[in-house]
Amino acid sequence: MTNEQYQEAIDWLFVQMPNYQIDGQKAYKPGLDNITKLCAYFGNPQDKIKCIHIGGTNGKGSSSNMLSSVLQEAGYKVGLYNSPHLIDFTERIKVNGKNCNKEFVFDFIQKLKNIPEDIRPSFFEFTTIMAFEYFYQQKVDFAIIEVGLGGRLDSTNIINPLVSAITNVQLDHQNILGDTIEEIAMEKAGIIKKNIPIISGDENEVVKNIIKEKATHENAPFIDATLLHTDLSSDLKGNYQKKNIRVVLAIIEELKKLQVNIPNEHIEKGLLNVHENTGFIGRWFEFSKDPLTICDTGHNQAGLEYVFSQLNSIDKHKHIILGFVNDKKIDEVMELLPENSEFYFAKPSINRGRHPEDYENLLQEAKIFYKIFNSVQEAYLSAKEQCTSEEMIFIGGSNFVVGDFLEKNLEFKE
């Protein structure tokens, strides 16, 4: 298999099973009937691996990578399923921090042609079964599975995990999950299963009670991670990571109850070596020190509130590069923009990327100093030219903005 053949297969996958429909709506297939048929076709590999299920609006990616790092330090072989990818498709499926083998991906895509026509999986459904099969073939000790969207009807909800966690619940994907925190919390709580411990990381009493009520109904032990106190820290920076650390520690305690040996020294070391152990980037990722350049994939209102709040705490003039996709409520973002900043708005390279000219009226109303660019890279080069060593650059607003930036500027090693 050549690199060209691999890329052709990936391109074909996106065309046959688009992650997003042309009209900008998610190619989302609610319900588990399809993934159930798909998993059965491949021999139900998800039932042959030990899984840990992590959902939530924000923090599930950071939490799952922290947990993977800790388990790796403890000597276990760990599968990690995250989404979306920033640069290469194989980032979605990792074993001990190493991206999924491209040969496997290529061969698995070829099997699509033999799938019965009545299944017709979505992009995410096919990616999910690909991860299950890869982890089974790799004989992982544990597979950490991040929920894609929501929980109750998400493809990953076919697993029967050792423990589940919900990091938090915020407004996001309202067109699919519901218009209120309560409705979204009910969807997220759909990953709770009979007798399986559930970790809750949300401080909102309304959310906490919804999760607790569902746990009681399923006779699932409920663990409130917000009650944990710890001084442990991580190399994943960002003030919001303190909350994620508590979720991870609560999961670890439940695994210990199942006789999984995880010494405290490996917990501490694992939390401090997430980047090295898992290759995780994108959350408060320090790309450069001179000038200070940070990128963060926080993209919904709650995530951006955390990120912009931390930016406001840094006493530097800021050059902020932002871009959004079509379904983003940009008026809400305008209310959060950091002070002491100039802004560079750019269109993410994907089809769903929204050109800043479409929402320039909102930029004018915000009375900020801004420039508009056709690409993230153009915006970054302009910001870099304007930024002095005493100032800083921030890149964010969307996973796809960060992906565009890293693809152009970060050297990845196999």
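A salt bridge here is a side-chain nitrogen of Lys or Arg within 4 Å of a carboxyl oxygen of Asp or Glu. The views below all come from a predicted model.

**View 1. Arginine 283 and aspartate 296 join in a salt bridge.** In this close-up, the N and O atoms of the two side chains are 3.0 Å apart. Arginine 283 sits in the loop between helix H11 (274-278) and strand S9 (285-289), while aspartate 296 belongs to strand S10 (residues 292-296), so the contact ties together parts that are 13 residues apart in sequence. Both ends are out of the way of solvent by the cut-off of under 20% relative accessible area: arginine 283 is buried at 11%, and aspartate 296 is buried at 0%. Elsewhere, salt bridges with shared partners bring Glu203, Lys243 and Arg246 into one network.

**View 2. Glutamate 187 meets arginine 152 in a salt bridge.** Here, too, the N to O distance is 3.0 Å. Glutamate 187 comes from helix H7 (residues 181-188) and arginine 152 from the loop between S5 and strand S6 (163-166), which makes this a link between distant parts of the chain, 35 residues apart.

**View 3. Lysine 269 reaches glutamate 73.** The closest N and O atoms of this salt bridge are 4.0 Å apart. Lysine 269 is part of helix H10 (residues 264-272) and glutamate 73 is part of helix H3, so the pair ties together parts that are 196 residues apart in sequence. Lysine 269 is partly exposed, at 45% relative accessibility, but glutamate 73 is buried at 18%. The pair is one of twelve salt bridges in the structure.

**View 4. Eight strands build an open sheet of mixed pairing.** Follow the strands across in the order S4-S3-S2-S5-S1-S6-S7-S8. Strand S4 (98-99) and strand S8 (222-224) stand at the edges with a single partner strand each, so one side of each has no neighbour in the sheet. At the S8 end, strand S7 (residues 198-200) pairs with S8 in the parallel sense over three bridges, and isoleucine 199 stands opposite isoleucine 223 in S8.

**View 5. Helices H3 and H5 pack on the sheet.** Helix H3 (residues 60-73) touches strand S1 (51-55), strand S2 (78-81) and strand S5 (142-146), and its direction makes about 170° with that of S5. Helix H5 (residues 123-137) touches S2, strand S3 (93-95), S4 and S5, its direction making about 15° with that of S3.

Methods: Residues are numbered from 1 along each chain as its sequence is written. This is a predicted model: local features need pLDDT of at least 70, side-chain atom pairs count only at pLDDT 80 or more; totals for chains, interfaces and linings use all residues. Side-chain values use heavy atoms; hydrogens and water are left out. Two strands pair if DSSP finds at least two bridges between them. Helices (H or I, at least four residues) and strands (E, at least two) are DSSP runs, numbered from the N terminus. Contact means heavy atoms within 4.5 Å. Axes are lines fitted to C-alpha atoms, for helices over the stretch in contact, and angles run from 0 to 180 degrees between N-to-C directions. Buried means under 20% relative accessible area, exposed over 50%, partly exposed in between (1.4 Å probe, protein chains only).
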